[in-house]
Amino acid sequence: MAANPLEHVLDHAWVGPITKHQILLVVAAACVAIPYILLARRTQDGTPPRGPFWNFLEMLLLFIRDEVARPNIHSGHEHHHDEHDEPHGISAAIADQTHPHPPVAQPHVHYADRYVPFLWTLFLFILACNLLGMVPFLGSPTAELSVTLVLALSVFLVTHLSAIRKLGVGKYVMSYIPRLKADNLPMTIFLTVAIVPLIAAIEVMGAFIRAAVLAIRLFANIFAGHVALGAILLFAVADPIQGGLSPGGTVAAVVMATALSVLELFVAFLQAFVFVLLSSIFLGMQLNPEH
């Protein structure tokens, strides 16, 4: 690390053929699974979690549910309900997903709640991967394009398979075909033959482009932050005789690297949030193409 601060950005073999990022992906999954399994056990009987750590974990889940999933994902024909009709707290949210035999009298459950566990998993896993890059000698798996492509592919599959399940194959296919009308026959023929196929092709390409944007923007933001931090540290550890910084410049570089690390902490949360926010928006658009 001291010899090459950029090493933490790049993937390389750690244990035989197993690479660093492959191991860190497992570590990130464990960092998400273990505390939330413990949280689920604590709240399984409906008891609210107590303590700053457990409350912080609850806050993350409720934020994704209430501020990301529910505002963006709708059935298309539901009415607004009073806030008091909604289940509140993580104990109610987890009970909705895990209770094998729910009581007969249930509060209103938002349509988006069926997708909340998927969005929770996405957000927490991406956040854990991003934060691993803040640990010395480790790195962010999300700075690897192949990782972000798989994450985007999972969103793509859930989005379109859910739309097919909700709409049916015929209505799903028709959602890509615009309904254009004209006042006369020649214009109707022109629209049907030339414009409608063009717009349909653009819509189909747009579905794939949205998935690619999810992958590339997450990769680019995380990778660029680590490269910038590594470049600053390169100057800090370089020998002044060989073109490195003076002692004063080295101190300045370390201060800049520290400030950039704080910024990266913010970016780790921000990029996980933006990825899940865009995923929920794309999912809502595909489930309700008429809106």
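Predicted model: local features only at pLDDT ≥ 70, side-chain atom pairs only at ≥ 80, totals over all residues.
Biologist: How are helix α1 and helix α2 oriented where they pack, roughly parallel or roughly perpendicular?

Modeller: Helix α1 covers residues 20-43 and helix α2 covers residues 52-72, and their axes lie 11 Å apart. The angle between the two is about 95°. Angles of 65 to 115 degrees count as roughly perpendicular, so α1 and α2 are roughly perpendicular.

Biologist: Which residues of α2 does α1 meet, and how many residues in that contact are charged?

Modeller: From α1 come P35, Y36, L38, L39 and R42, and they meet F53, W54, L57, E58, L60 and L61 in α2. By class, this contact has nine nonpolar residues and no polar ones, and the number of charged residues is two.

Biologist: What does Y36 touch beyond its neighbours within four places in sequence?

Modeller: Y36 belongs to the largest nonpolar core, where Y36, I73, F123, L151 and F275 touch the most other members. Leaving aside those sequence neighbours, Y36 is in contact with L57, L60, L61 and L124.

Biologist: Which element gives the largest share of that core?

Modeller: The core has 50 residues. Elements giving two or more residues to it are α1, α2, α4 (116-132), α5 (145-167), α7 (185-237) and α8 (247-287). The largest share, 12 residues, comes from α4.

Biologist: What kind of aromatic pair do Y172 and Y176 form?

Modeller: The structure holds six aromatic pairs. Y172 and Y176 are both buried, and their rings are 5.4 Å apart centre to centre. With 80° between the planes, the pair is edge-to-face.

Key. Residues numbered from 1 in each chain as written. Heavy atoms only, no water. Axes fitted to C-alpha atoms, helices over the stretch in contact; angles between N-to-C directions. Helix = DSSP H or I, 4+ residues; strand = E, 2+ residues; numbered from the N terminus. Parallel < 35°, antiparallel > 145°, perpendicular 65-115°, else oblique. Contact = heavy atoms within 4.5 Å. Nonpolar A, V, L, I, M, F, W, Y, C, P; charged D, E, K, R; others polar. Core = buried A, V, L, I, M, F, W, Y, C linked by side-chain atoms within 4.5 Å. Buried < 20%, exposed > 50% of the residue type's maximum accessible area, 1.4 Å probe, protein only. Phe/Tyr/Trp six-rings, centres within 6.5 Å; stacked < 30°, edge-to-face > 60°.
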